[in-house]
Amino acid sequence: METKEHPAIEKKKIAPDRCIVTGKGDWYFPLADIYETPDNFTILIDMPGVSTENIAIDIRNNELVINGEVSLEAYIDEKIIHNEYNIGHYHRHFAISDAINRDKIEAKMSDGVLSLVLPKAEHVKPRKIEVKAE
């Protein structure tokens with residue numbers, strides 16, 4: 001019996017020209033949203049099944065690098081009938097500029113979504129300029 005995925009379900013795997021991966025197993029490019037407020041940028045990344053112990057976030061050469069893993073070992077005693085969550089490695093990276101205060105970046109994981117708050121550096125925050133009378 002041939003298994004066919006629904007056309008609306010697309011597991012995005014990392015294209016070989018996007019980055020170099022060296023680990024075993026499948027690698028995925030999780031979906032992400034980015035929001036801006038006057039004080040921060042917030043990045044939300046879907047990483048269902050990834051525990052906080054299996055997430056690594058680094059800053060390398062002006063890039064924010066996020067790696068996560070859902071291990072197949074968690075499912076070793078189960079026979080998967082149908083799955084839409086990815087099992088394997090997640091990887092994303094984002095270019096960051098000097099507009100980000102790198103020392104104050106924070107990360108939280110909740111309900112399968114990794115939330116990164118990147119505070120803006122003081123020199124790029126909106127400010128009012130007072131007009132003085134002469």
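In what order do four strands form an open sheet in this predicted model, and is the pairing parallel or antiparallel?

**View 1. The open sheet of four strands.** The strand order is S2-S3-S8-S7, with antiparallel pairing. Strands of a sheet pair through backbone hydrogen bonds, either parallel or antiparallel.

**View 2. The pairing of S7 with S8.** Strand S8 comprises residues 113-119 and runs antiparallel to S7. The two strands are joined by five bridges. Within this pairing, Lys 108 is located opposite Ser 115 of S8.

**View 3. Asn 61 in the loop between S4 and S5.** This loop lies between strand S4 (55-60) and strand S5 (63-70). Asn 61 is a residue other than glycine, yet its phi is positive, near 50°. The relative accessible area of Asn 61 is 77%, and the residue is therefore classed as exposed, the cut-off being over 50%.

**View 4. Asn 62 in the loop between S4 and S5.** Although Asn 62 is not a glycine, its phi is positive, at about 65°. Is Asn 62 exposed or partly exposed? Asn 62 has a relative accessible area of 42% and is partly exposed, because this class covers values between the buried limit of under 20% and the exposed limit of over 50%.

Notes: Residues numbered from 1 in each chain as written. Predicted model: local features only at pLDDT ≥ 70, side-chain atom pairs only at ≥ 80, totals over all residues. Heavy atoms only, no water. Buried < 20%, exposed > 50% of the residue type's maximum accessible area, 1.4 Å probe, protein only. Pairing = 2+ DSSP bridges.
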